[in-house]
Amino acid sequence: MELTIILIFVIGYLAITLEHNLKIDKLIPALVMMAICWALIALGIEGFPQWFDSANHNLLDNFGGLALEEKTHLMEETLLHHLGKTAEILVFLLGAMTIVEIIDYFDGFSTIKAYIKTTSKKRILWIFGFLAFFLSAIIDNLTATIVLISILQKIILDRNIRIWYAGLIIIAANAGGAWSPIGDVTTTMLWIGKKVTTGHLFVYLFIPSLLCMLVPFFIASFLPAFKGNIDKIDENLAKPTSKYSSVMLYLGLGGIVSVPIFKTLTHLPPYVGMMLALGVVATFAEIYSNRKFALSFDAHEESDHQGHHSPVHHSLSKIEMPSILFFLGILMAVAALESLGILFGFASSLQDHMPMLGTELHHEGVSDIVVLLLGVGSAVIDNVPLVAASLGMFSEPIDNELWHFIAYSAGTGGSMLIIGSAAGVVAMGMEKIDFFWYLKKIAWLAAVGFLVGAAAFMFTRTLF
């Protein structure tokens, strides 16, 4: 039964990667394989010898000896646990994406666009690279990618050029998210799980993450795609269409930045703070929209009166729901593999058979190659369950270099495939980037940056 579930996952994954060839939206195979995998688990629950208790990060080797009622109950609890964790991510994303759409409703990104005066492709590349690297550390790599690609769409009208920038933004955003406890879901998991602290995370990973961004951008700056200038945009088009553009931009980004502060003060999950931020931003959006409507109504502008509608409703209608459903399907499908202990067993076998590379990590002597393969694996399989499995596999104390290396590998390794990270999936949806185009044009740049950063980490840890 386990082999059948693995086969279903592989087929579903291939269907996702061949989305453009099959002419089937990637959310369909993701949802189908999720449902089939869990259905097979439910039908064959009596025959599984082990179970991974995700809530306690513990592999139950005595699962085969439990009664059927106990197995069924544990499966339901595990499914509910994974649904809850997935829902936290999805609700957080919905809030962030809605705030971004509200900002766009008021043409807020034109404020940032106005500061970018250059038409040099190379300069624009570096501007967006550093924006993605530092912005992702503050508002997380996914939201940073959404914001910057939204700005790109206002500046660079040629999509064939724009997707090159989007590909590099994915690398920079994932690199920037790795050294911040709120920059990526995986680093947040390690932070909440009391495996890393903010100070040590910065000390260990800032330089490796920076190199992971700088090296691909340096190489890319010599590529033909970034030579010359972009077409100059009409200055009238660059002007904000709303007098509230700047206010809504700063209010929206301020609301997103306030989320980690809210979490630190209340110790509540990040999505709660995001919902509060969304509520505040939406309140001002409605006030400003009603004020504009009132002025239009006083002026007897009947067309505006008929066309008036809520900016929040408009923003919610623009949310990329296929991407949200894709996240649901892929995360819950991988959760099925994790629950059967397949990921755990795979990682354990790597640990047992891989040779040591460089300085041996403390205590259990985990191979550096295992952690590097974790990074490569995060490009193929979602990094969240891989990091979740590592939390149960290893028992190193807080701020051990193993946890920081895992944070780096899982955070940046996903850049090697466009579906290997949340930032990549969102960029793929926003710009309709082809899987194989990214694999051919961007993946090698991400791999070079990943390896350079990993080498820098191995050197850095010897200093501490």
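## Serine 421 and its surroundings

Apart from neighbours within four places in sequence, serine 421 is in contact with Ile170, Asn174 and Gly414. One of these partners is also reached through a polar contact: the side chain of serine 421 pairs with the side chain of asparagine 174 at 3.1 Å. The model described here is a predicted one.

Serine 421 belongs to the loop between α20 (401–413) and α21 (422–431).

## The chain as a whole

The protein chain contains 23 helices and two strands. Of its 464 residues, 54% are buried.

Helix α10 covers residues 198–220, and glycine 199 is placed in it. Proline 181 stands 18 residues from glycine 199 along the chain, and the C-alpha atoms of the two are separated by 9.6 Å.

Serine 209 also lies in helix α10. Its relative accessibility is 0%, so serine 209 counts as buried. When neighbours within four places in sequence are left aside, the contacts of serine 209 are with Phe133, Ala175, Ala178, Trp179 and Tyr408.

## The packing of α4 and α12

Helix α4 (residues 68–105) packs with helix α12 (residues 245–266) at an angle of about 165°, and their axes are 8 Å apart. How are α4 and α12 oriented to each other? The two helices are roughly antiparallel, because angles over 145 degrees are placed in that class. The crossing in which α4 passes α12 is left-handed.

On the side of α4, the contact is made by Phe92, Ile99, Ile102 and Ile103, while α12 contributes Met248, Leu249, Gly252, Leu253, Ile256 and Val259. By class, the residues of this contact between α4 and α12 are nine nonpolar, one polar and no charged.

## Two lysines with positive phi

Most residues other than glycine have a negative phi. Lysine 23 is not a glycine, yet has a positive phi of about 60°. Lysine 23 sits in the loop between α2 (19–22) and α3 (27–43). With a relative accessibility of 72%, lysine 23 counts as exposed, since the cut-off for that class is over 50%.

Lysine 432, likewise not a glycine, has a positive phi of about 55°. The loop between α21 and α22 (435–441) holds lysine 432. Its relative accessible area is 51%, and lysine 432 is therefore exposed.

How values were computed: Residues are numbered from 1 along each chain as its sequence is written. This is a predicted model: local features need pLDDT of at least 70, side-chain atom pairs count only at pLDDT 80 or more; totals for chains, interfaces and linings use all residues. Side-chain values use heavy atoms; hydrogens and water are left out. Axes are lines fitted to C-alpha atoms, for helices over the stretch in contact, and angles run from 0 to 180 degrees between N-to-C directions. Helices (H or I, at least four residues) and strands (E, at least two) are DSSP runs, numbered from the N terminus. Angles under 35 degrees count as roughly parallel, over 145 as roughly antiparallel, 65 to 115 as roughly perpendicular and the rest as oblique. A crossing is left-handed if the near helix is turned anticlockwise from the far one by less than a right angle, and right-handed if clockwise. Contact means heavy atoms within 4.5 Å. Ala, Val, Leu, Ile, Met, Phe, Trp, Tyr, Cys and Pro count as nonpolar, Asp, Glu, Lys and Arg as charged, and the others, Gly among them, as polar. A polar contact is a pair of N or O atoms within 3.5 Å; within protein, one must be able to donate a hydrogen and the other to accept it, and residues adjacent in sequence count only if both atoms are side-chain atoms. Buried means under 20% relative accessible area, exposed over 50%, partly exposed in between (1.4 Å probe, protein chains only).
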